[in-house]
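Subject: Structure handover

Hello,

Here is the structure you asked for. Please open it beside this note; the findings follow below.

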Amino acid sequence: MRLIGLAVMLTVGLFAAPFVIEAQQAGMVYQVGLLTLGSDPTRSGFWQKFLEAMRELNYVEGRNLIVRRAFADGRADRLPGLVAYLVQAKVDVIVTTSTQETAAAKRASSTIPIVMTVAPDPVEQGLVASLARPGGNVTGLTSMAPGASQKFVELLRETVPSASRFAVLATGPNAPPHEIRRELQTAAHQVGVTLSFIVIKSADDFDPALARAKKDGAGGIIAPLGAFTYTHRAKLVQLAVNHRLPGIYWVRDYVEAGGLMSYGANFGDVGRRAAYFVDRILKGAKPAELPVEQPTKFELVINSRTAKALGLTIPQAVLLRADEIIQ
């Protein structure tokens with residue numbers, strides 16, 4: 001009888017243990033900081049997808065999750081103060097968008113885990129030691145994969161076959177990163193166009209920069225990944241149309257705002273995948289040991305209304321490859 005009783009007690013204990021752990025976890029309240037150079041995460045489809053995925057993983061605001069939203073509205077000078085706020089709040093994880101935010105968070109803390117989401121080249125930019133073994137407190141997702149940047153030039157050239165020059169919008173002396181710049185130049189050489197790089201320092205630079213690009217003979221513009229242009233995308237794409245410059249952008253949000261076309265990873269999918277990293281970290285995984293992921297699927301989105309406004313006929317071969325055509 002004692003043996004039977006002991007066996008029953010052990011069996012009950014084994015089955016009860018997971019429920020004890022779940023009960024302990026259920027009593028915890030986690031804090032996640034959202035750090036972006038962009039605008040209010042509450043109104044961003046990207047962050048909405050992230051929070052939706054967090055709910056599916058049983059992290060619910062008002063119950064066991066506190067979300068601290070820190071957004072700079074396009075002003076990089078605000079980042080140090082925003083990061084300091086998150087550090088002082090002792091958040092469990094900081095989720096960032098592009099390189100500037102990730103670098104700012106990393107400078108402020110070497111212990112708080114950081115999940116980046118759209119940094120184009122985190123190894124070159126010193127955010128991680130390698131994609132396979134990040135080695136510090138930063139992990140997450142990159143926004144680009146080898147060869148992806150070449151598609152910007154190839155697709156725009158195919159769409160505007162008469163063009164001999166494209167203007168690339170850069171948001172600083174080191175933007176876009178070396179690898180992306182190299183890919184753009186390689187593709188330009190292959191299709192027989194010249195690239196000029198125009199540095200944009202503020203939203204007020206858009207109009208004169210595009211006017212200068214048009215005057216210099218640019219047949220279109222390329223806006224590779226950048227939090228600044230993303231924040232001011234509505235103004236940028238409207239001015240591009242005003243100057244009759246077909247543009248290709250790195251995410252569909254530009255096209256939804258009136259840009260001609262985009263080629264890149266689905267932003268919503270990236271947001272959802274970021275939740276996976278946060279979940280792993282909150283459950284004890286070390287960022288140093290979580291491999292950085294690169295996108296495996298890219299989408300081509302075209303705005304046919306913008307094409308008509310530009311007096312442009314999109315080649316059938318390009319239309320057939322589009323994942324979505326906005327009418």
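Is the crossing of α2 and α11 left-handed or right-handed? It is right-handed. (A crossing is left-handed if the near helix is turned anticlockwise from the far one by less than a right angle, and right-handed if clockwise.)

Before the rest, the ground rules. This is a predicted model, where local features need pLDDT of at least 70 and side-chain atom pairs count only at pLDDT 80 or more, while totals for chains, interfaces and linings use all residues. Residues are numbered from 1 along each chain as its sequence is written, and side-chain values use heavy atoms, with hydrogens and water left out. Helices (H or I, at least four residues) and strands (E, at least two) are DSSP runs, numbered from the N terminus.

**The helix pair**

Two packed helices are described by the angle between their axes and the distance between the axes. Helix α2 spans residues 45-56 and helix α11 residues 267-282. They pack at about 40 degrees, with axes 7 Å apart. Axes are lines fitted to C-alpha atoms, for helices over the stretch in contact, and angles run from 0 to 180 degrees between N-to-C directions. That angle makes α2 oblique to α11 (under 35 degrees is roughly parallel, over 145 roughly antiparallel, 65 to 115 roughly perpendicular, the rest oblique).

Contact means heavy atoms within 4.5 Å. On α2, the contact residues include Phe46, Phe50 and Met54. On α11, Phe267, Val270 and Val278 are among them. The contact residues divide into nine nonpolar, two polar and four charged. (Ala, Val, Leu, Ile, Met, Phe, Trp, Tyr, Cys and Pro count as nonpolar; Asp, Glu, Lys and Arg as charged; the others, Gly among them, as polar.)

**The aromatics around Phe267**

The whole structure holds 13 aromatic pairs. Rings of Phe, Tyr and Trp (its six-membered ring) pair if their centres lie within 6.5 Å; planes under 30 degrees apart are stacked, over 60 edge-to-face, the rest tilted. Tyr230 and Phe267 have ring centres 5.5 Å apart and planes at 70 degrees, so they are edge-to-face. Tyr230 sits in helix α8 (residues 227-231) and Phe267 in α11, so this pair ties together parts 37 residues apart in sequence. Trp250 and Phe267 are also edge-to-face, because their planes stand at 85 degrees, with centres 5.4 Å apart.

Phe267 is buried, at 7% relative accessible area (buried is under 20%, exposed over 50%, partly exposed in between; 1.4 Å probe, protein chains only). Tyr230 is buried too. One aromatic cluster includes Phe46, Phe50, Tyr230, Trp250 and Phe267.

Best wishes
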